Amino acid sequence: MNTTHLRSQYRPFEFAIPTVELLFHLEAERTTVANRFTFKRHTDAPASMTLHGEHIELIQVSFNDDAPLSPNDYTLTATSLTLHNPPASGTVKIITTCTPSTNTSLSGLFATGAHLMTQCEAEGFRRMTFFADRPDVLSTYTVQLVADKTDYPVLLSNGNLIAQADLDDNEHSTTWHDPFPKPSYLFALVAGQLACLEETIEQRGLRKLLQVYVEAHDLPKAQFAMDSLKASIAWDEARFGLPLDLERFMIVATSDFNMGAMENKGLNIFNSKFVLAHPDTATDVDYDGVEAVIGHEYFHNWTGNRVTCQDWFQLSLKEGLTVYRDQEFSRDQVAAGLSEQAAISARAVKRIDDVAALRSAQFAEDNGPMAHPIRPNAYEEINNFYTMTVYEKGAEVVRMYETLLGRDGFRRGMDLYFERHDGQAVTCDDFRAAMADANGADLDQFGRWYEQAGTPTVRVTADYDASAQTYTLHFAQSNPAVGVELLQADLIKAPLHIPLNVALIGADNAEQLVELNHATQSVVFSNIAAEPIPSINRNFSAPVQIEFDYTDAQLCELMAHDTDAFNRWDATQQLFSRAILNGTALPESAMHALSALLNDNALSPAYRAQLFSLPSFAYLSQQMQRTAPIDPNAISDQIKTLRAQLAHTLRSTWQTIYTALNHGKPYAFNGARAGERALKNLALGYLSFENQDALPQVQAQYHNADNMTDRFAALSIAVAHYPQAADVLIAAFYQQFEHEALVIDKWFAVQASNKSGKQEDIRHTLTQLQAHPAFARPNPNRTRALVFAFCIQNPRHFHAQDGSGYEFWADQVLHINATNPQVASRLARTLEHWRTYAQPYQGLMQKALQRVFDDVNLSQDVREIVGKALG
């Protein structure tokens with residue numbers, strides 16, 4: 001039975017722990033940890049001290065360096081150590097051992113290749129030693145690492161290096177001190193054989209050492225990560241006045257990592273996917289990812305580390321705020337050095353990327369069994385709440401503060417937040433209070449965004465009075481119960497505070513901010529000479545669904561003339577979605593408008609590429625389920641039909657664009673050039689649709705490419721449209737890159753996500769790929785490349801009517817669960833929306849879910865996901 005943790009039951013830890021001294025004697029087969037910490041009892045503390053600990057062996061424990069306690073002086077369980085009758089203050093010393101080599105969960109201290117590394121968020125520290133492993137216990141750490149000099153020449157931990165020494169028996173040690181109090185989840189260590197790229201910068205008159213540690217053969221791929229780190233440091237000081245606060249800042253890359261990266265104070269540990277970048281092996285999307293994640297983890301240095309969360313229910317306090325910051329950083333980076341108009345377009349493309357991801361994944365999460373507010377009220381397994389809601393929707397809530405208060409007002413709120421709470425563990429309400437107090441604003445109603453789950457819908461209707469020359473917009477907001485809210489029969493969800501940027505296209509009317517505070521309200525615009533077209537929620541000013549009954553002609557007008565780049569894109573998405581879901585072709589008027597956009601060289605290539613990228617399967621599924629059960633194959637068929645119309649009708653334009661942009665200039669990564677490649681490769685994809693004549697262009701691009709973006713695009717197009725030619729390119733690709741792990745991940749993914757061919761073909765491909773030597777011991781990246789790619793990115797074959805895709809899913813969830821429950825639980829979420837599908841899919845999904853749930857060895861992580869899905 002899983003334990004449910006409730007936000008309402010939060011209580012502070014009974015003891016303060018001001019200092020922690022750790023001594024690690026590091027070996028892969030048996031690491032010994034000596035943990036000595038000081039403590040002071042709070043006045044109302046009980047007569048015992050309970051510490052977390054699991055998957056470790058207790059050797060001894062003592063108070064105040066006295067003789068070891070006897071077993072009668074403590075209670076030891078599989079998950080805790082309770083010390084009876086501790087003094088009011090003093091020290092505790094605990095000696096434990098753990099086994100990194102067998103820790104396949106990648107939580108705590110684990111072996112990765114020839115290295116040892118840690119991952120302590122959320123609850124990994126307790127896998128090394130007994131401690132109050134919770135985010136509100138802040139301590140200063142001094143850490144000594146001892147290891148064999150040959151096996152582990154590099155020994156790193158948080159903070160500043162204060163000592164290093166050679167020892168007997170070929171051992172050596174380093175000692176680190178972090179002067180800033182931090183929770184245990186921010187602790188880190190690294191031991192191994194790593195190469196280092198280092199540079200120094202000067203900030204506020206002080207020299208700072210920056211280091212990026214990677215495998216020796218990957219050193220040429222580390223420079224972009226270093227450049228991104230320097231850009232992040234400069235941006236954070238310029239935008240928010242926040243400096244790097246340590247003598248050094250280190251980044252370490254590992255191929256074995258459950259997530260993207262971890263913001264451990266001064267020692268960030270990264271999935272190598274978000275560190276390594278070189279034109280030969282990384283695509284433009286990979287470069288974007290490196291820059292964004294480097295920025296995200298560095299920005300945590302203040303929003304997450306210097307000020308952290310009181311408890312895990314407040315996770316969005318650090319994650320939502322930091323996602324907002326990394327999004328702003330990325331938008332500024334992509335626009336750097338461009339003209340004013342080009343910069344506006346570049347920022348719009350980044351905004352579209354972010355919102356498209358939100359609407360595809362987070363909106364679905366908001367309408368499923370795992371729906372929760374950005375500040376959850378309950379959880380069973382905290383690892384399951386590192387979600388799109390906490391991160392991406394949390395970022396949108398932070399962005400709404402800036403929309404309401406303005407950029408300067410938001411900065412005042414940030415300054416007050418740090419002034420009040422530096423060095424503390426606080427709550428989302430503390431952040432909201434800082435924003436309100438710094439600006440004299442009433443944000444009480446805005447606090448409901450932290451309390452309510454679900455994606456609000458704003459229904460908009462309009463009246464135009466020609467004689468009075470007034471145009472009135474009527475707004476009605478609703479947010480029905482979702483997820484666990486459905487269990488509350490008497491739940492009434494009060495109206496939210498929703499900021500909507502609105503303009504009237506066709507009227508001499510500036511954009512204005514409409515603040516919705518009531519269930520229904522109206523806004524009257526005066527001096528409107530002719531009926532306009534409303535442009536609502538410009539730049540996606542609030543994470544809501546807008547319902548307005550636009551005609552096709554109105555959407556075409558918005559596509560052509562809306563002055564907001566986001567809403568211009570959204571008009572195309574609405575037209576595309578309408579055609580797909582209604583099973584109709586785009587009207588001639590829409591094709592005429594689209595042709596004009598595609599030929600408009602005043603629009604940046606990156607923006608035109610966005611305009612002609614079709615809505616995702618996930619987004620279309622959500623739209624379909626609002627009126628009917630989801631038919632996945634009908635959606636796939638209609639996507640193909642629409643793609644054919646765009647390909648055939650605009651073929652000559654696609655060829656003109658491809659020829660113009662296939663200019664052979666040497667590779668450079670920047671927003672403008674990446675946009676050219678995006679449009680060029682989109683054009684090649686449309687040219688190749690049902691067109692054998694384009695194959696020579698695909699083959700030529702593959703063989704002549706001087707970068708992975710173009711080469712992998714050509715390979716992907718060949719796999720999708722030219723199966724016989726693709727077989728040759730797939731073999732050549734593997735042979736050329738077989739020693740590049742991240743590239744081979746792409747090789748697995750492009751095959752597993754291949755939507756063409758017959759069901760038996762993809763089953764055969766999956767069987768072959770799983771038997772491939774490169775999949776013998778898959779790390780999380782490799783698992784995502786094959787298993788997740790098929791289950792999430794290949795809806796055509798995953799939703800086979802015989803249920804074989806769901807059986808594959810169940811097999812993989814159970815297999816991965818045995819070694820890495822965190823990765824398994826993320827895969828388990830693939831079927832959580834099974835109730836919204838038509839038959840036979842619904843019944844077959846339920847059968848697969850039940851099979852997983854009935855497994856007696858199911859982890860708590862997976863059981864929570866599957867149990868909530870089944871209800």
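Strand β11 is joined by 2 bridges to strand β16 (residues 189-192), and the two strands run antiparallel; here two strands are taken to pair if DSSP finds at least two bridges between them. Helices (H or I, at least four residues) and strands (E, at least two) are DSSP runs, numbered from the N terminus. The structure is a predicted model, in which local features need pLDDT of at least 70 and side-chain atom pairs count only at pLDDT 80 or more, whereas totals for chains, interfaces and linings use all residues. Residues are numbered from 1 along each chain as its sequence is written, and side-chain values use heavy atoms, with hydrogens and water left out.

The strands β10 and β11 form a hairpin with 2 residues between them, and G113, which lies in the turn, has a positive phi of about 60°.

Because 5 of the 5 residues of β11 (residues 115-119) are buried, the strand is largely enclosed by the rest of the structure. In a regular strand, side chains alternate between the two faces of the sheet. In β11, H115, M117 and Q119 point one way, while L116 and T118 point the other way, and all of them are buried.

Two cis peptide bonds were examined next. One joins E121 and A122, with omega at about 5°, and A122 is placed in the loop between β11 and β12 (139-148). The peptide bond from Q839 to P840 is likewise cis, with omega near 5°, and P840 is placed in the loop between α23 (821-828) and α24 (841-853).

Positive phi values were also found in residues other than glycine. For R204, phi is near 55°, and this residue is found in the loop between β17 (195-203) and β18 (206-214). The relative accessible area of R204 is 55%, so R204 is exposed. With a relative accessibility of 28%, N539 counts as partly exposed.

Terms used:
Buried < 20%, exposed > 50% of the residue type's maximum accessible area, 1.4 Å probe, protein only.
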